[in-house]
Amino acid sequence: MTYPIPEFNAKYFCIINRDMPIMAAIISSYVYETGKYITMLEYPDVTVPLYDTDLDEFDENYISKNKASEFNIRAKNALNMMGGCDYLILGGLTEEQKSYLTFLDKYDVIEIPYIYLIDSILKEIAGKKEYYICNETDIYNGLFLANKADKMLKIDNNAEKIDVDIYQESGIIVIENISAVSMIIAINYALSVNASISVINKPEINKEEVHDLVEKWKATKESRYFRDLSVKIYSSIENIDFSKFEYATFFTSSVPYSLILNNIIPITYVNNLYQPGFFIFNNIYFERKEQIHSSIVFSPLEFGEDEETIYVADKLKENQYYVKKLIGEKASSYNISYYVREFPFEILHICSHGGEIDGSEHIEKFIDRDGCTHIVEYDEVISIILHEKEELHEVLVVHIWKTFDGFIWKSKELDDQNYPHYIFIDMIAEITKLEVRRGKAKKNIAKSAGIKCAHFNYLGMFNMIAGASVLPFVFNNTCWSWQYISESFLAAGVRGYIGTIWAVNNNVAKNVAETFYDNIFKMTVLDALQESFIHTIGETDENIYMYWGLHFTKLNKGLSIDNARLSIASMLMKAYRSWMYNFNNTNNKSTKENVRRIKNFIFRLLLSDFRREWLTLRFPFF
């Protein structure tokens, strides 16, 4: 089925403090235009202003200031992609948050510090005359109905409770109530695609508990673990009749609803903890952007004939996609690291072992800055990236925290201790600088989120993907790939991501992938995946796949492989010039070394794979 793609509301661009969903809802009702998507981004908390800090300094503010710096870059890029806006609305931002936004002088900025000022500031600009009155407890349904009626939202806590008929449209957007701006983004999205909404209570289960219950269910084959999982989830959605809809999209961070619903209809997910505003914006934007028809197929050939690798590569080539085969010995940790980050591609297919890799378990003591001693228990996994023709190599280390002072990591009991945030910064700093870690070897570490390569493993730690010039789609056909490693891809910026909830059977993985690629250029990604589920029905791997993405996403056939090669070469040449500029204009030793490796990778790739296109394009490097 083909679904309409929403248009952007180019008049407004909204940046709202993440913790102010009510302000975001009211602003949205003033600027909403029927059938258009209003771009709204949620700005995370910022603990220190830009002019008061060093971005490279690792301290208690490190995570906050780096998130703010990244947000600034992504917001600026989104504005440029959209061609600007008439009004840039800032809602409830602190001085610390605003200090990171370097583009404000280029736009007509409307700053709204408090909710009570919204009407006086926006009413005349919005041009609306009527109000929709609702109780604050009904703010989400109230926003939906206010925008449906093209009215401005007004809060009156004496207003009667409202009900929403969620069975009016063909699709449904199901939104976990987490009291954040991401909920307003989800409602704006639902309105733009003419879908119904249902705001549900967030199930009282986190991703660690989901993983543990699924792991016990699959390891013991005891159905009680699946029942425990179902009980924790089902009460949140039991009042929705999903059979009345053509598709559903869940805004969640950790709950596999499709598993519990037995994929009764096609289901997609949006991770509400990884900037859903950017995710939706990019998906809408790139759906209309001309594609370059480039792909990567990665497999160390662990499964021999019982895998889909060659079939997928041939099917992509048949549909006029350039295919970079990282297969067998070429499926190295070096290649997946650099190709995923720097090579412009639209499809990445991974076939390997994954999800749970070997490592070591540790118990360490450390002393925090207050002189207090703590004990931390963690697992450690390592990835080694062997650089071609170089003696120095990269070592990536991931720590999977298990307990802190005897309390389970991320548990309510640990939260109740109210440790200052800087203690965990001290923990990371102390563990990182240990020259000797006394650990014990451990097999198949849960949540280790690795990908088995021809040599060593790869840990998905991306600060960029596809050269930051393409929004790619990823099918990670490895085990336990739905959650932890997916977050790295989603944070880096992908168009869609398919993973598995547990360890998938080889034959099922092969058949699902082959049927998926048989259909992917005939229908949407969601429908192609749904068609492939025929191979899981009645199997122990039934309902194993999850799709982080939007229901309308589609991948098109290419014009010709020669045309794809020219597009790829052009992007690589521009990237090389950009990295050369960075190399020549930085004095930081470690940054310079990283840039040198990247530019050398791109240069070697152009010479080995795209020499003819380089000469055809006559693109100067310097």
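Which side chain meets that of Asp19 in a salt bridge? In this predicted model, the partner is Arg18, with N and O 4.0 Å apart. Asp19 has a relative accessibility of 52% and counts as exposed, because the cut-off for that class is over 50%. Arg18 has a relative accessible area of 24% and is partly exposed.

The overall fold sets the context. The protein chain contains 20 helices and 23 strands. Its radius of gyration is 25 Å, close to the 25 Å given by the globule rule for 622 residues, so the chain is as compact as a globular protein of that length. Along the principal axes, the C-alpha atoms fill a box of roughly 70 × 60 × 60 Å.

Of the 622 residues in the protein chain, 57% are buried. Among contacts with a separation of 6 or more, 73% join residues 24 or more positions apart.

Charge was considered next. The protein chain carries 64 positive and 84 negative side chains. The centres of these two sets lie 6 Å apart. The count of salt bridges comes to 34.

One of these pairs is formed by Lys442 and Glu361, whose side chains meet with an N to O distance of 3.9 Å. This pair links distant parts of the chain. Lys442 belongs to strand S18 (residues 439-445), while Glu361 belongs to strand S14 (residues 357-367). The two residues are 81 residues apart. Lys442 is partly exposed at 22% relative accessibility. Glu361 is also partly exposed, with a relative accessible area of 26%. Both residues belong to one network of salt bridges that share partners.

Glu613 has a relative accessible area of 2% and is buried, because burial requires a value under 20%.

The pairs described thus include an exposed residue, Asp19, and a buried one, Glu613. Lys442 and Glu361 are partly exposed.

Methods. Residues are numbered from 1 along each chain as its sequence is written. This is a predicted model: local features need pLDDT of at least 70, side-chain atom pairs count only at pLDDT 80 or more; totals for chains, interfaces and linings use all residues. Side-chain values use heavy atoms; hydrogens and water are left out. Helices (H or I, at least four residues) and strands (E, at least two) are DSSP runs, numbered from the N terminus. The radius of gyration is taken over C-alpha atoms; the globule rule is 2.2 Å times the number of residues to the power 0.38. Buried means under 20% relative accessible area, exposed over 50%, partly exposed in between (1.4 Å probe, protein chains only). Contact means heavy atoms within 4.5 Å. Lys and Arg count as positive and Asp and Glu as negative; His and the chain ends are not counted. The place of a charge is taken as NZ of Lys, CZ of Arg, CG of Asp or CD of Glu.
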